[in-house]
Amino acid sequence: MLVASMLGLEENCNLLTPWERKDLTRSAWISRLEGAIYAWNDISPMIFGSPDMVRNGKINSIMANGAETPSQVRRDSMNTTESDRKRRKIESPGASTPSAISHSVSQIITILKQPLLDLEARVAEITNLAVATRDAELADENMSTDGSEDDKANQERLERAWKRIVNRIRNTPTKRHVQIREMVVDAIAAARKAHLSNVVSELRAALLQYHPSAAGRCKASAIEALEAHGDYIEDEDDDTDDDEDEANDDGGGVVQDEIPSVISAEAAILVSCLEGSDDATRIDWINAVKDCKTISRLAALNAAFVDNAKKRLEKLEVERDELSNALTNWEKEEERRNKNRAGKKTTGKPQKETQGPSEVWANVRITDEICMAKAEDYPWWPAKKCEPKNPELAKSLKSLDRTLVSLIGEMGGLRVVKNEKMVPFTGKKIADEGQGDIRKEVRSQLDDCMTMARRILRGRSS
């Protein structure tokens with residue numbers, strides 16, 4: 001079942017983008033997984049017992065799907081994958097039948113780990129999460145003073161923010177476990193915004209110790225992290241914190257009942273595959289797979305990943321079809337305008353151009369060329385130009401005078417913008433008179449993405 005889910009997901013990937021790795025063929029990757037099935041069936045009598053034991057009723061509880069003997073279980077296991085295996089061999093010539101070599105359970109787990117990590121990396125590339133992650137890492141590595149902004153003062157403000165939040169935990173009673181957890185989560189967000197990866201790691205370790213009935217360990221660990229990074233010196237601005245704490249109580253000073261949002265360390269890692277979360281990162285999931293020592297844990301990590309990845313791939317399929325439909329509509333509109341111009345016909349008021357989809361997907365190469373792009377209702381935003389790998393798609397976009405871009409700060413989403421709505425990136429924001437007032441949240445995100453774009457450029461040039 002574990003192998004079948006991985007092979008099924010890989011086929012979904014292959015429908016979107018063909019296998020592109022040069023160091024490993026698709027057939028070799030598939031053969032490695034199928035070899036694990038042969039190895040598992042080879043050792044299963046040692047685990048399930050002999051047919052005589054089954055007839056004696058000693059291990060009936062492990063029989064599944066109406067199988068009468070362990071050998072039948074093994075045959076059913078092989079038959080389930082046989083047709084799929086043959087079909088994949090036809091599509092991927094060169095696959096070879098694994099040799100009959102005796103393996104232990106730990107060796108089989110080792111066989112499965114690398115294909116699972118390969119598959120996660122492939123999904124990350126298809127969804128463009130890998131590129132977005134690399135850009136974020138590059139920006140983190142190239143933090144220095146910009147000529148256009150006072151990065152040093154901004155960095156000090158961001159560093160002080162997480163310390164201020166953790167300092168408030170000192171005066172928070174352990175019984176207020178909900179508030180303690182929320183403050184640690186807020187501190188992690190502030191430290192991540194300040195690009196303090198070591199602080200984020202330490203605070204996340206503290207968060208993973210949290211439990212409603214044992215918030216003291218989480219609190220103590222968070223305070224230890226604060227003290228390890230120079231502690232916090234209070235100032236007049238901290239007066240507002242007391243008001244915020246009082247606001248969390250009702251009029252009688254009694255803590256309001258809240259349902260705690262608790263996630264265990266293992267659960268946090270399970271849901272952190274691909275993009276990650278506040279409680280764990282993609283690296284945590286990868287490390288968990290590498291350190292895995294049991295089939296059950298590997299199956300759980302795989303199941304969480306496959307579920308997440310399938311939802312993302314299904315979304316990409318929808319976005320791919322929406323892009324195709326939009327291109328068809330735009331081409332028809334362009335053809336109609338050309339006919340009208342050729343016949344010098346006027347049809348009253350010019351028809352409004354069909355609005356394209358908000359977010360699209362295509363198999364592209366995201367270039368290092370950064371520009372400022374105006375997409376839909378967004379303000380002018382830093383973006384990276386993308387080159388479609390499909391020649392027909394590239395030709396259609398060129399004829400329509402449009403380009404695919406990936407907005408910096410977004411985790412992999414693509415937009416279609418007109419070429420007239422793109423200008424070279426100078427490091428400065430572009431005012432848009434027709435935009436009106438921009439919400440504070442969007443303005444803050446834009447500032448962060450502009451800073452990120454400047455740091456990416458700095459990293460590319462260094």
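In the predicted model described here, Asp401 occupies the loop between helix H15 (391–399) and strand S3 (402–407), where helices (H or I, at least four residues) and strands (E, at least two) are DSSP runs numbered from the N terminus. Residues are numbered from 1 along each chain as its sequence is written. Because the model is predicted, local features need pLDDT of at least 70 and side-chain atom pairs count only at pLDDT 80 or more, whereas totals for chains, interfaces and linings use all residues; side-chain values use heavy atoms, with hydrogens and water left out.

Although Asp401 is not a glycine, its phi is positive, at about 60°. The relative accessible area of Asp401 is 41%, so this residue is classed as partly exposed, the classes being buried under 20% relative accessible area, exposed over 50% and partly exposed in between (1.4 Å probe, protein chains only). A positive phi also occurs at Asn128, another residue other than glycine, with a value near 70°. Asn128 is located in the loop between H5 and helix H6 (129–141), and because its relative accessibility is 5%, Asn128 counts as buried. Arg402, for its part, lies over the face of Trp330, at 4.0 Å from the ring centre; a charge is taken to sit over a ring if NZ of Lys or CZ of Arg is within 6 Å of the ring centre and within 35 degrees of the ring normal.

At the level of the whole protein, 16 helices and five strands are present, and buried residues make up 42% of the 462 residues. The protein exposes about 25,400 Å², of which carbon and sulfur atoms supply 50%, with accessible areas computed by the Shrake-Rupley method with a 1.4 Å probe and, for residues, only the protein chains shown counted as cover.

Helix H5 (residues 105–126) contains Leu119, which is buried because its relative accessible area is 2%. Apart from neighbours within four places in sequence, the residues in contact with Leu119 are Met6, Leu9, Glu10, Cys13, Trp29 and Phe305.

Ile30 is situated in helix H2 (residues 26–48) and, at 2% relative accessibility, is counted as buried.

Rings of Phe, Tyr and Trp (its six-membered ring) were paired if their centres lie within 6.5 Å, with planes under 30 degrees apart classed as stacked, over 60 as edge-to-face and the rest as tilted; by this rule there are three aromatic pairs. The ring centres of Trp285 and Phe305 are 5.4 Å apart and the planes stand at 40°, so this pair is tilted. Since Trp285 belongs to helix H13 (residues 282–291) and Phe305 to helix H14 (residues 295–343), the pair ties together parts that are 20 residues apart in sequence. Both Trp285 and Phe305 are buried. In the pair formed by Tyr378 and Trp381, the centres are 5.7 Å apart and the planes at 85°, so the arrangement is edge-to-face. Tyr378 is partly exposed, at 27% relative accessibility, whereas Trp381 is buried, at 5%.

Helix H14 also includes Asp321, whose relative accessible area of 39% makes this residue partly exposed. Asp321 and Val360 lie 39 residues apart in sequence, with a C-alpha to C-alpha separation of 8.4 Å.

The mean pLDDT, the predictor's confidence in each residue on a scale from 0 to 100, is 78 for the protein, and 74% of the residues reach 70 or more. The pLDDT is below 50 over residues 53–78, a stretch with 31 contacts in the model beyond near neighbours in sequence. Residues 237–261 also have pLDDT below 50, and this stretch has 27 such contacts in the model. Where pLDDT is low, the predicted coordinates should not be read in detail.

Note on methods
Contact means heavy atoms within 4.5 Å.
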